[in-house]
Structure formats: C-alpha cells, structure tokens
Amino acid sequence: MADADKPVRAGGREVTPVLFDPDSGAAPVPSPCVNVCELDAARLGCIGCLRLLGEITGWGRMTDDEKRAVWRQVLVRRSYAPQQGKAP
C-alpha cells in the first residue's frame, strides 16, 4: 500500500483518503471528502478532506480545472498534515 492510500486519523477516526491524480485529465473530478466534516481549530478548513471553507462551499460551482487546482492544494496539505505524522 502506498503512503497516499494508508489510513490516517481525522476527527478521532481512521479514514482512507480519496486518491486522485489532478494531472491525469480524468473527469469527472471526484471530491476529496472523506465524510469527516469537522473544522480545524482556527475554523479555516476541514480536518478530514483538508479543503479550506471556500473550496468546500464552492466545489459544486467549480469547473473541472478549478477542482484539479484544489486537488493540487489538498495533496500539498496532505504531505504536511499532522494526522500523517508530519509537521504542519
């Protein structure tokens, strides 16, 4: 199992992150949501999917290219996410 698809702790639960390569050109672009909808301490984003509030609320109106841009940011955040044992 690759690091990207290993279960991580989020919201007190173990979840498996959604996998997607934003540079694949695949459509439709899936949501990064893992059904752990809980805001971080600063209330800026979700600790489950690691999207910011604006990214979450705007998701349904975004083009596939905009969603791919969000995915790129999510993947960067995952690489630094505390629940994966790395520095924020």
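Is Phe-20 buried or exposed, going by its relative accessible area? Phe-20 is buried, with a relative accessible area of 15%. Buried here means under 20% relative accessible area, exposed means over 50%, and partly exposed is in between (1.4 Å probe, protein chains only).

A quick word on the ground rules. This is a predicted model, where local features need pLDDT of at least 70, side-chain atom pairs count only at pLDDT 80 or more, and totals for chains, interfaces and linings use all residues. Residues are numbered from 1 along each chain as its sequence is written, and side-chain values use heavy atoms, with hydrogens and water left out.

Back to Phe-20. The structure holds 1 aromatic pair, and its partners are Phe-20 and Trp-71, with ring centres 5.4 Å apart and planes at 50 degrees, so the pair is tilted. For the record, rings of Phe, Tyr and Trp (its six-membered ring) pair if their centres lie within 6.5 Å; planes under 30 degrees apart are stacked, over 60 edge-to-face, and the rest tilted. The pair links distant parts of the chain: Phe-20 sits in the loop between β2 and α1, while Trp-71 belongs to helix α2 (residues 64-80), 51 residues apart. Helices (H or I, at least four residues) and strands (E, at least two) are DSSP runs, numbered from the N terminus.

Leaving aside neighbours within four places in sequence, Trp-71 is in contact (heavy atoms within 4.5 Å) with residues including Val-18, Pro-22, Ser-31 and Arg-78.

Here is how some relative accessibilities line up:

| Residue | Relative accessibility | Class |
|---|---|---|
| Trp-71 | 0% | buried |
| Cys-49 | 3% | buried |
| Val-15 | 9% | buried |
| Cys-33 | 26% | partly exposed |

Now the cysteines. A disulfide is a pair of cysteine sulfur atoms within 2.5 Å, and the count comes to 0 disulfides. The sulfur of Cys-33 has its closest cysteine sulfur in Cys-37, 4.3 Å away, too far for a bond. Cys-49 is in no disulfide either, with the sulfur of Cys-46 nearest at 3.9 Å.

Val-15, for its part, is found in strand β2 (residues 13-15). The C-alpha atoms of Val-15 and Val-34 are separated by 7.0 Å, although these residues are 19 apart along the chain.
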